[in-house]
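Look over the sequence and the model before reading on.

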Amino acid sequence: MTASIKLHSLTKRYGSQLVLDNINLEVHPGEFVSLVGPSGCGKSTLLRVIAGLTNFDAGEVFIGDRQVNEVPPKKRNIAMVFQNYALYPHMTVAENIATPLLMSRLGLLQRQPFVGALLGVFSTQRKNILAQIQTEVTNLCASLQISNLVQRKPAQLSGGQRQRVALARAMVRHPDAFLMDEPLSNLDAKLRIQVRDELADLHQRIGSTFLYVTHDQTEALTLSNRVAVMNQGQILQIGTPSELYESPANLTVAKFIGTPSMNILPLALEGAQVMGLPLTTRIKPDQSQLAIKHIGIRPEHLLMGSSGHALPSEIDVQLEATVHRAEHHGAEWIYILKLTQWQGTLLTARVSAQKMSKPLASGTEVLVGWRLADLHLFDQLGSRVSASPLLIR
Amino acid sequence: MLKLNQANHQAKNENILGWALALPASFLLVMLYLLPITWVILMSLTNYELGAISFDWVGLRNFSKALEDEVFLRSFRNTFLYVALVLPSSIFLGLGIAILIHARKRTRSIYEVIYFLPVTSTLIAMATVFQFLLHPKLGPVNYLLTSIGIEAISFISDPQWVIPTLSVIGLWQLVGFNMILFLAGLSSIPEELYEAAALDGANGPIDRFIRITWPMLGPTTLFVMVTSCITSFKVFDTVATLTQGKSGSEVLLYALYLEGFQYFKMGYAAALTLVFLFFILILSIVQSRLIEKKVHYV
């Protein structure tokens, strides 16, 4: 019933532009996988390729064990929820939800208006099928709490209600997998969180395979078992949300995952000095230091202390800075700090509001520091350099 | 009390200002629309003839005369037959061509221009072409018919054939216009609906058309229906140029033209004009009512 989705060396071009560049991906049965990336990265195209709505140039698509390269969309037994829901505006909610069942259970003539009814005069079979569809639609609407809407047209529904009807239409024929193309992007912020939770519940309840496209990393991280980060037609990294957050495979992923994003500092090597940072002495001389081009540090790994009082000794790097801007985010404060050294580079620090005796005004002089173990190191190509063996105390 | 007076005064001033501002538009409205119509209504109650020195009020006698007028009744029947032939064929042909052209990518604009040509061409000029094409002895159409063993048909002078022939010419002229309207309607159907339908299993041409295209074109179809109805109701130029009303081919507007401008019976022509306007009015009311009735979707 619930199936895996496998993509093997999938490639697609628009003219000379590579939209999908040798994509390999496996979504296990019952897994919730998100495709996340900036707009234009190819994530929606990938979804449409799996649905069979777009053709591709090379590679293979498997749903379950079946290669579906040449299989038309309706025979792939997958459902898709579109960004704009794509509800049929001239049909009621009930008719919208019943459409996939009508299409699969009635013959070409039986399902047409007038002709079908005319044929129905001669057979009770059609009547039975229609009654069965009616029951299934009613039950599904009840379980999604949209029973009161069945007679309305999509134009009379709110965004959240449309979203639910679209889900119902997708669920009604129990597909092998669900494909969702930014289903929450048309909802307002509050509703988005509510529907997001409902989606998570739904996935737990029906245990089906979900492949979910979004540009919102929070959605991806909160909903998914695994997240695939895409950029420029490639999957940069696929892993659990914590893997992506704690050890991003490259600079792009590091910058993309996490809000506020990771502080990325370029290491322009001037001889043995690293722009005045006491970093060189701590990196093993025999490792190829030149390979490290950028360092990254998460905002929550920055420690702040008042100027003049040294930070605890396990903080390896301690720098002077001034508060450039302070943002109150409820439970936490985000500080934008300007380093005194290093040409006034800006760093973002995140501090739990509970830990602060009183918020710091902009202009305040502070000490900021971090532990070398918390650093993320990236080489010239932007790939992650395993941090721990490089660092010595 | 003083305040109240002041407010009253102000309201009065605003009232006067409002009327003053509405005056130019009202004047034009009366001069351009209401007065001519009133004039026609009054004239329809007289036996006025162009150039006559005096006229009599004849009440509704012009209308009762129309009911016994063989020519008028024939023109009435002809017009309705013409509408009945042109309306459905121009809608379905326009829709069919629009669907076929819509699927074209590169050649679409070429087809659009070709089908739209008859709309822009003047029928007076094209009438000579049709006269030649349909000529019983010289025309290629009859040459084709006789070459496959069918007797030549006098399309324009045979009373049996004349209205269907005029209908085909009307169709030729109208179909391109309807096609453009349907093309606009087709372009406004979101592609996502077809994609959703493809996943739902409705991806054959019949299902696509019946489930999505046809219902989504509802508002367009209604508009096309009413405008085509009015256009074909107003048929005049083909009759005036090709048949001059011979062989029993009079239509409403042509009968009206004959009475007014050939026989100068202005009173009678005015009565016929009112009959004609009555039908156009009904069509317009139907149109605005149906369009108000939300046949379109958000």
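How many bridges join strand E12 of chain A to strand E18 of chain A? There are 4, and the two strands run antiparallel. E12 covers residues 292–297 and E18 covers residues 376–379.

## About the model

This is a predicted model: local features need pLDDT of at least 70, side-chain atom pairs count only at pLDDT 80 or more, and totals for chains, interfaces and linings use all residues. Residues are numbered from 1 along each chain as its sequence is written, while chains are lettered from A and ligands numbered from 1 in the order in which they are written.

## The sheet in chain A

Strands here are DSSP runs (E, at least two residues), numbered from the N terminus. Two strands pair if DSSP finds at least two bridges between them. In chain A, 4 strands make an open, antiparallel sheet, in the order E11-E12-E18-E19. Strand E11 (263–266) and strand E19 (384–385) of chain A each have a single partner strand, so one side of each lacks a neighbour in the sheet.

Gly296(A) sits opposite His376(A) in E18(A).

## Domains of chain A

Domain bounds come from an automatic or database domain assignment. Chain A has domain 1 (5–246) and domain 2 (260–390). The C-alpha centres of these domains of chain A are 43 Å apart.

## Domains of chain B

Chain B splits into domain 1 (1–44) and domain 2 (62–292). Their C-alpha centres lie 42 Å apart. The contact between them takes 4 residues from domain 1 of chain B and 7 residues from domain 2 of chain B. Residues are in contact if their C-beta atoms, placed from the backbone, lie within 7 Å.

Terms used
Two residues are in contact if their C-beta atoms, placed from the backbone, lie within 7 Å.
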